[in-house]
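Look at the fold before turning to single contacts.

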Amino acid sequence: MRVGTVRLNEVKSIVRSLQGRSIEMVINRGRNKLVTLNATIDKVYPSMFIIKPEDEIMLDRTSFSYSDILCGDIKFLVDKDVEM
């Protein structure tokens, strides 16, 4: 069920504004596997973005598409109280 309508351009601008900042992410890996990690958005491209994890949960850079955010598979926790 869709909670709100967010457009792709809005998601891209949010990701661009968070580039280079340390953020907390919650990633849904499927089958009830949620990974919470601190990461930095390293590079932003037209169809995807790359994160660089600061934790040892994921040791290498990982790429995600903007549709992962639209589907709710990725959530950004910029502050402890603000969720994107």
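Two strands count as paired if DSSP finds at least two bridges between them. Helices (H or I, at least four residues) and strands (E, at least two) are DSSP runs, numbered from the N terminus. This is a predicted model, in which local features need pLDDT of at least 70 and side-chain atom pairs count only at pLDDT 80 or more, while totals for chains, interfaces and linings use all residues. Residues are numbered from 1 along each chain as its sequence is written, and side-chain values use heavy atoms, with hydrogens and water left out.

Start with the order of elements. The chain has two helices and five strands. Along the sequence they run α-β-β-β-β-α-β.

Now take strand β1, residues 22-28, and strand β2, residues 34-44. They pair in the antiparallel sense over seven bridges.

Step back to the whole chain. Of its 84 residues, 31% are buried (under 20% relative accessible area; exposed is over 50%, partly exposed in between; 1.4 Å probe, protein chains only). A contact means heavy atoms within 4.5 Å. Among contacts with a separation of 6 or more, 35% join residues 24 or more positions apart. The accessible surface comes to about 6000 Å², and 48% of that belongs to carbon and sulfur atoms. These areas come from the Shrake-Rupley method with a 1.4 Å probe; for residues, only the protein chains shown count as cover.

Last, the charged pair. Side chains of opposite charge can pair when their charged atoms come close. How many salt bridges does the structure hold? It holds one, where a salt bridge is a side-chain nitrogen of Lys or Arg within 4 Å of a carboxyl oxygen of Asp or Glu. R61 and D42 form this salt bridge, with their closest N and O atoms 2.9 Å apart. The pair links distant parts of the chain, 19 residues apart. R61 sits in the loop between β3 and β4 (62-65), and D42 in strand β2. R61 is partly exposed, at 46% relative accessibility. D42 is partly exposed as well, at 26%.
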